[in-house]
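Here is a friendly walk through one protein model, with the sequence and structure shown below. Keep the viewer open as you read.

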Amino acid sequence: MPDALEGIRVLDVGGGVAAGYATKLLADMGADVVKVEAPGGDPTRGRGPFPKGQPDPEASGLFLYLNTNKRGAVVDLAAASGQRTLERLAGWADLLVHDVHPTAMAAHGLDWERLHAANPRLVMTSIAPFGLTGPRATWKATDLVLWNAGGVATLNGDPQHPELPPLKAFGDQAAFQAGLNAAIPSLAALFARLGSGVGEHVEVSAQEAVAAILELTFEFWPYCGLVASRLGAKPIQPLCFMECRDGWIFVCCVEEHQWKQFVEIMGNPEWAQMDIFETRIARGANFDALQIFLQEWCATQSVQELYEAAQAHRVPFAPVSTMGDLVASPHLKTRGFFATLAHPTAGEITMPGAPYRLSATPWRIRRPAPTLGQHTAGVLAMVGVDASDAGAGA
């Protein structure tokens, strides 16, 4: 049985997480993805975690995760010969995905008009911090900047400590969101090409990828006439984390029927009948008082017992899983979520698998991430280029 994207040829001209993740999603479904790296290697090779904490460009956990199922070729895009090589590779590819900054695209040979003229069927996807147009198109940004520019950071924090600054989630979540939002329209453009026969230029803004997942934050005003405040203070409650005797649980019962069920789980305490807790708006306005009662009761419960009780009453509580909880999860193990593979340098690696399943063309790991320049000669020979005379750098 062929893989879902077998026959699709992709170039990954990344320098960060976004393009690497977008093309990983495609490679893991069977696309033939060639990762183009500078002679010094992709910057993510320098980021950990590393086995035993020892930095090694061939053993970066981030790089190995982002580049499964890809072939790797070194091409020096700062050299004219390297850019000619990229043009030859673009002639081979169906799709080119990159996250080179807009101010550096042309200098790396990523000129859409030129590549499109060379290969009219090529789809090119450009991922930029703020898109390719608009007053901030030339601005650079880190994940921290994008998390704030997208509006999420201001919503995070402890309402009991307003002196704390806005917070962001760990890692490169803005880049992962941008990568996911790059993979989907890239496939859509390839699908559209089936009818038109012509490729197109797809543009992704990382800021907009973050702003698009603000979910009910936008709806507070038309739905409740309220403006969601910063630092996590929510106008309707309970919608918060509570500490149990053995861990944390997320308490969600913002609908009235859910609150009534939670009160029943707690044994119908007298305080729950107070006027200041009568409606979800009242509970939000008086959350300082409500939190004390809830925390006192939750501290006597176990996470699992409270989670199961809430499930039985159709209230959507959720245990707060640690990384250890996830690795040990019997459910994830049963579904085969984690993948273990052998890498020639890093050894045996266990990493997250796919969060989806295809019944006829399943996701699978065919090869580990490439070592630096591992497939340069073969990839360039494929397009008639000699690696020693092409700005390949390897």
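Predicted model: local features only at pLDDT ≥ 70, side-chain atom pairs only at ≥ 80, totals over all residues.

## A salt-bridge network

Asp 12, Lys 35, Asp 42 and Lys 70 are linked in a network of salt bridges.

## Other salt bridges

Across the whole structure, a search turns up 16 salt bridges. One of them pairs the side chains of Asp 3 and Arg 366, with an N to O distance of 3.9 Å. Asp 3 sits in the segment before β1 (9–13), while Arg 366 belongs to the loop between β11 (347–352) and α15 (376–382), so this pair ties together parts that are 363 residues apart in sequence. How accessible are the two partners? Asp 3 is buried, at 9% relative accessible area, whereas Arg 366 is partly exposed, at 30%.

A further salt bridge is formed by Glu 255 and Arg 280, whose closest N and O atoms are 3.4 Å apart. This pair also links distant parts of the chain: Glu 255 is in the loop between β8 (247–252) and α9 (256–265), and Arg 280 is in helix α10 (residues 280–285), 25 residues apart. Glu 255 counts as partly exposed because its relative accessibility is 31%, and anything under 20% would be buried. Arg 280 does fall in the buried class, with a relative accessible area of 17%.

## The largest pocket

What is the volume of the largest pocket? It comes to about 1,300 Å³. There are 38 lining residues, and the closest to the pocket centre are Tyr 65, Phe 170, Phe 176, Met 323 and Pro 352. By residue type, the lining divides into 26 nonpolar, 7 polar and 5 charged residues.

At least two lining residues each come from α1 (17–27), α2 (61–66), α6 (173–196), α13 (323–328) and β11. The strand β11 gives the most, with 5 residues.

Helix α11 (residues 287–298) has 12 residues and reaches 15 Å from its first C-alpha to its last, close to the expected 16 Å. Which residues of α11 are buried? They are Phe 287, Leu 290, Leu 294, Trp 297 and Cys 298. Viewed down the helix axis, the buried residues of α11 fall within an arc of 95°, so they line one face of the helix. On the other side of α11, Asp 288, Ile 292 and Glu 296 are exposed.

## Backbone details worth a look

Two cis peptide bonds can be checked in the viewer. One joins Gly 48 and Pro 49, with omega about 10°, and Pro 49 lies in the loop between β2 (32–37) and α2. Another joins Gln 237 and Pro 238, with omega about 5°; Pro 238 is placed in the loop between α8 (216–224) and β7 (239–244).

Lys 52 has phi near 55° and is found in the loop between β2 and α2, where Lys 52 counts as exposed at 83% relative accessibility. Arg 314 has phi near 60° and is located in the loop between α12 (303–312) and β9 (318–319). Arg 314 is exposed too, with a relative accessible area of 74%.

Conventions:
Residues numbered from 1 in each chain as written. Heavy atoms only, no water. Salt bridge = Lys/Arg side-chain N within 4 Å of Asp/Glu carboxyl O. Helix = DSSP H or I, 4+ residues; strand = E, 2+ residues; numbered from the N terminus. Buried < 20%, exposed > 50% of the residue type's maximum accessible area, 1.4 Å probe, protein only. 1 Å grid on protein atoms, 1.4 Å probe; cavity = no way out; pocket = protein on both sides within 12 Å on 5 of 7 lines; lining within 4 Å. Points joined across faces, edges and corners; volume = space filled by probe spheres on them. Nonpolar A, V, L, I, M, F, W, Y, C, P; charged D, E, K, R; others polar. Expected span 1.5 Å × (residues − 1). Arc of directions from axis to C-beta.
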